Amino acid sequence: MEGLGLQKIMKVAPSKSLVIRINLVFLAFFLIIYASLLLSPSSSAYFENAASLVRFNGETVPVHFDRVSEQFKWEDLFPEWIDEEEESDVPSCPELPMPEFKDYDGIDLIASSSPYSCKFGSEKGRRDWKRRTKVVMWSKCRPMMELFRCDDLVRQEGDWWLFEAEVARLEQKVSLPVGSCKLSLPLWSQGINEVNDLSKFQSPTRAAKREAYVTVLHSSESYVCGAIALGQSLLQTGTKRDLVLLIDKSISQPKRDALVAAGWKIRLITRIRNPRAQKYTYNEYNYSKFRLWQLTDYDKIIFIDSDILVLRNLDLLFHFPQMSATGNDIWIFNSGIMIIEPSNCTFKFLMDRRKDIISYNGGDQGFLNEVFVWWHRLPRRMNFLKNFWANTTAEASVKNELFGADPPKLYAIHYLGLKPWHCYRDYDCNWNIGDQRVYASDVAHERWWKFHDSMDEKLHSFCRLTKRRKLELDYERKLARNISFSDEHWKIKITDPRRSHAV
């Protein structure tokens, strides 16, 4: 995919080409959305303070545009659900007021206020010969990190911020849909059942790139088997990117050797504690994921949780900016697969706010959603969650068909709930526990084990059951029998040889 512009990936009708061009040349469109919600500051004080950051001579010109409707809400840009498959509806984003661009061709710099919320703001500056743009902003709190990284900050005085950002990076971001109300990577158009052939956007990787797939293991060895399968599944897709695994000292040397054999390049980290978590809980050290931003020897990484199995090549996603991810619920993205741009400055920003930011779920996903509020929606097939929230026969039929499709229709399956290697091979053990049954799929379970069997046999021993987990499984089956769940999975005879060879 060398030299491919993101705009070429976007499947846009010719009638929309003008809109795309306007977005690409007017980087201040967030200004239009949000600055219109505020009263302008005193013009004399406004430009006097701006001048202390950027010296300029000439005329100041007010930019005129209509106010955003009072009915406009955040949910309009980040809806709870969109029809990704376009079966009955074409996802769309709200119409936003724009100025008459032709009236402002001679402007060198745009500066404006943004509201008293760290979620908003951006303006356009003049490009220089290095293809960078200078941006001045007036805001009570930090402008959005999705647009202006802290690495781009040149100077700050009071509420004034001066950034110098790469034009190409900004152009890419505004070529994407506004919010998650539309897919950043459409897979098809309405009325077309066949998925677009994304291979036409790709070309073979001829040289090593500063890009990598990364996962993290810490505090326990319970996900080592998952990481082994993840690494092997990535290699099976033909990717030439590095596979980097961040681990802490809890991972023993034999397990490290197996992970290297599975394709991972190991880096040792010190885990990071979540200051709001209680001791010995599952999320006590899940802020260790912040270490991803310290991988500055890479320009871009794709983080993948170790409970994910990759079925198709994901290299296409390296063309998308931070923060790109699939939807989880309402305006929340799922952190199982994320496109990240490493930065020590961003890492420090995250660390400095560990005690201040409240995560909605107590974990890293909730924290990151508070920081990266302006994310780009990837198709759910890129990170397909194994769940059945609707609990209907129709939902189960559609999802299980996708889980079992061969050749695969999904790019990756995210195994929520109890993991396949923590169950007996015979069936998905999520069926045994009442509040976990929404994650149960024998089809997805069988797919994971089929892939496991295709791996080098030397790696199989790292997916054995522990004696403790065997006891838990047998106890959960007993409870399911007592409850008499109607699916009767608890009646299935266990033939998994691991039952007799627990470690």
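Two residues are in contact when heavy atoms of theirs lie within 4.5 Å. The model shown is predicted.

**Exercise 1.** Describe the overall fold of the chain and the sequence separation of its contacts.

*Solution.* Begin with the secondary structure, which comes to 14 helices and 15 strands. Next, consider contacts between residues at least 6 apart in sequence: 73% of these join residues at least 24 apart. Then turn to burial: of the 503 residues in the chain, 52% are buried. Finally, the chain exposes about 24,200 Å², and carbon and sulfur atoms supply 50% of that area.

**Exercise 2.** Characterise the largest pocket by its volume and its lining.

*Solution.* The volume of the largest pocket is about 1,800 Å³. Its lining consists of 50 residues; Ser222, Tyr223, Tyr282, Asp307 and Lys419 lie nearest the centre. The elements that give two or more residues to this lining are strand 5 (211-217), helix 7 (224-236), helix 10 (364-371) and helix 14 (467-483). Sorted by class, the lining has 21 polar, 17 nonpolar and 12 charged residues.

**Exercise 3.** Determine whether Gln365 counts as buried or exposed, and list the residues that Gln365 touches.

*Solution.* First, locate Gln365, which is found in helix 10. A residue is buried when its relative accessible area is under 20%. Gln365 has a relative accessibility of 10%, and therefore counts as buried. Lastly, leaving aside residues up to four places away in sequence, Gln365 touches Asn328, Ile332, Phe333, Asn334, Ser335 and Tyr360.

Conventions: Residues numbered from 1 in each chain as written. Predicted model: local features only at pLDDT ≥ 70, side-chain atom pairs only at ≥ 80, totals over all residues. Heavy atoms only, no water. Helix = DSSP H or I, 4+ residues; strand = E, 2+ residues; numbered from the N terminus. Buried < 20%, exposed > 50% of the residue type's maximum accessible area, 1.4 Å probe, protein only. Areas by Shrake-Rupley, 256 points an atom, 1.4 Å probe, with all protein chains shown as cover. 1 Å grid on protein atoms, 1.4 Å probe; cavity = no way out; pocket = protein on both sides within 12 Å on 5 of 7 lines; lining within 4 Å. Points joined across faces, edges and corners; volume = space filled by probe spheres on them. Nonpolar A, V, L, I, M, F, W, Y, C, P; charged D, E, K, R; others polar.
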